[in-house]
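User: I have a model open and would like to talk through some of its packing with you. Can we take it piece by piece?

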Amino acid sequence: MSDAGQPKGGDAPEEPTRKLQQPPSPGLDQATVRMQRPQPMRVGPVPPGNPQPQVFPVGPTVPARKPEEAAPAAVAAEPPVTEDTAEDAPPAKKKGRRVALVLTALVVVAGLAVGGVFYGPQVLRAVGLGGVVEDPTTAPAPPAQVRAALRPLGSQGPGPTKQGVSAALSGPAAAAVLGTLGGTVVDPASGDVLWDKAAGTGMIPASTAKIITSAAALLALDPQATLTTKVVEGPEPGTVVLVGGGDPTISGGAKGFYPGAAKLDDLVAKVKAATGGQQVRKVLVDTSAYTGDTKGPGWMGLDMDGQGDDYAAPMEPVMLDGGRLVVTNGDSARTTTPARSAAGKLAERLGVAGGASAGTAPPNARVLAEVQSPPIRQLVETLLLTSDNVLAEAMARQVAKATGAEVSFAGGAKAVHDVLSRNGFDLTGITLVDGSGLSTQNKISPKLLGSVLAAAAAPSSGQNAERTAKLRALLTGLPVAGGSGTLSERYGSGTATSGKGWVRAKTGTLNGINSLAGIVTDNDGKLLVFAFLGNGTGANADARAALDVLASALRSCGCR
């Protein structure tokens, strides 16, 4: 049941959010921003009779937010739902007068500095802006240098104990709203299991299953590889074929849902250039890259009915913006024919009347145009941050393709299982039927989730250093509590606030299913991995809040 009281599958309305703002916070793989101390700059000559120069401070006028002060991501308003709805988000609100004044002051200072460069000191003196010989003008400070860096946690001092973790979690874990709770807490530095509650039992994971799919993709695929979408010559003169290569992120407009996505307009421009201005008369779309059903086992019809609040689209190897009709809304209604809709937009922009139809590209057909998706690593981080079901299923199919399995729901699930097993993870009792966790037929144990995240968070020089290096992107893709992605609007009240900015975790929500799995830094600066799965939970909003309190309890303790 969603927060609105409607029986929906998938992560409920908290998932996804559009504008993501991730605050820097301590902990493994947390971005740390270091800025050079601003220096004062004196502008113009010293006023007569006043030995003190006029000083203008140069540098930031607003202090950087601490993690607990991070602003939540903005949520765009949803326009009426039609396939022709404009893609662009509503214009941003105007900034306050103070910001305008600060920007004006900085522009003036920058202009004076530029004047000194282009016109020289003699010209500046002639107009009354030159420095005094006895007391020359101080040169402006260089621009502030901003550098994002990964800051490792300290390894000194006592670590958490089983007794300490158990004491911290005993109260929050007993919340009735969590239903049947399974969970684990692991110290990734040592590999020790610090807390276990039915951790080996397979449970319905909801969207925390995306951790498993993402791990398999990072282990089996080149993280810098991209997905190619092509347009080739068709079987008849004047015919072109749009060939799907598995990329669901292509942007259909000036702005798209997915960061860094390829653009349909680029494909159109390349086709026009390759055909030398000759009119294209017919557009076909080839979806043979995927086989089997387009709807996953156990998916609810409401999840992709094209009526709004859709959590997925039929899985086809080419689509625009994940099939969304309103790209500013993650849960927008989606087209029920994503591949044909994408080809229809291509036909429209090529001036072809009548839309597009299904077809097959001739063998070895000449490629007229192609575009590339963002790299696999970025796609994985995006699907984790926004809990994107379509993108998760696309990644599962890429794992299937890379391992020689059938490129379908069944083949993707089998390939994910096999890749994890070959990489040393225990999948005893695990059942996978899709890559997104949208199905209630999936069964994943807290132990498996914890072990995968612990491998990603392990020391880089450990026994499985190569595996850890490949899995690091799991951590950088996790939403930040109260700051980004599907956690942007959580951890804002009660005892959960202690975890704000410190917890990074993947969320999961289905009807009566709530889960949370990720990492947190405790008060002693030690990193902990956790996985909590609740089946048969109470109201989703209450269960989410209880999970947030559970994770925050780890942040609030030294756990010794």
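User: Where is Thr382 found, and is Thr382 buried or exposed?

Analyst: Thr382 is found in helix H6, where helices (H or I, at least four residues) and strands (E, at least two) are DSSP runs numbered from the N terminus. Thr382 is buried, with a relative accessible area of 12%; buried means under 20% relative accessible area, exposed over 50% and partly exposed in between, with a 1.4 Å probe and protein chains only. This is a predicted model, in which local features need pLDDT of at least 70 and side-chain atom pairs count only at pLDDT 80 or more, while totals for chains, interfaces and linings use all residues. Residues are numbered from 1 along each chain as its sequence is written, and side-chain values use heavy atoms, with hydrogens and water left out.

User: Which residues is Thr382 in contact with, leaving aside neighbours within four places in sequence?

Analyst: Thr382 is in contact with Tyr258, Pro259, Ser387 and Leu391, contact meaning heavy atoms within 4.5 Å.

User: Staying with H6, at what angle do the axes of H3 and H6 cross?

Analyst: The axes of helix H3 (residues 209-220) and helix H6 (residues 376-386) cross at roughly 175 degrees and come within 10 Å. That makes H3 roughly antiparallel to H6, on a scale where angles under 35 degrees count as roughly parallel, over 145 as roughly antiparallel, 65 to 115 as roughly perpendicular and the rest as oblique. The axes are lines fitted to C-alpha atoms, for helices over the stretch in contact, and angles run from 0 to 180 degrees between N-to-C directions.

User: And which residues make the contact of H3 and H6?

Analyst: From H3 the contact takes Lys210, Ile211, Ser214, Ala217 and Leu218, and from H6 it takes Arg377, Val380, Leu383 and Leu384. By class, the residues of this contact divide into 6 nonpolar, 1 polar and 2 charged.

User: Switching to H2, which residues are buried there?

Analyst: In helix H2 (residues 162-169), the buried residues are Gly164, Val165, Ala168 and Leu169. They cover an arc of only 120 degrees around the axis, which puts them on the same side of H2; the arc is that of the directions from the helix axis to the C-beta atoms. Lys162, Gln163 and Ala167, on the other side of H2, are exposed.

User: What covers the buried residues of H2?

Analyst: The cover includes strand E5 (180-187), strand E6 (192-197), strand E16 (527-535) and helix H12 (540-556).

User: How many residues does the largest nonpolar core have?

Analyst: The largest nonpolar core has 56 residues, and Ile212, Phe425 and Leu471 are those with the most contacts inside it. A nonpolar core here is a set of buried Ala, Val, Leu, Ile, Met, Phe, Trp, Tyr and Cys residues joined through side-chain atoms within 4.5 Å. Among the elements that give two or more residues to this core are H3, H6 and E16. Apart from it lies another core, of 28 residues, including Leu194 and Leu550.

User: Which residues does Ile212 touch?

Analyst: Not counting residues up to four places away in sequence, Ile212 touches Val416, Leu420, Leu432, Ile444, Leu448, Leu449 and Val452.

User: Last topic, backbone angles: what is the phi of Ala198, and what of Asn364?

Analyst: Most residues other than glycine have a negative phi. Ala198, although not a glycine, has a positive phi of about 50 degrees; Ala198 sits in the loop between E6 and H3 and is partly exposed, with a relative accessible area of 42%. Asn364 has a positive phi of about 55 degrees, lies in the loop between strand E12 (357-358) and strand E13 (367-372), and is exposed, with a relative accessible area of 82%.

Conventions
Nonpolar A, V, L, I, M, F, W, Y, C, P; charged D, E, K, R; others polar.
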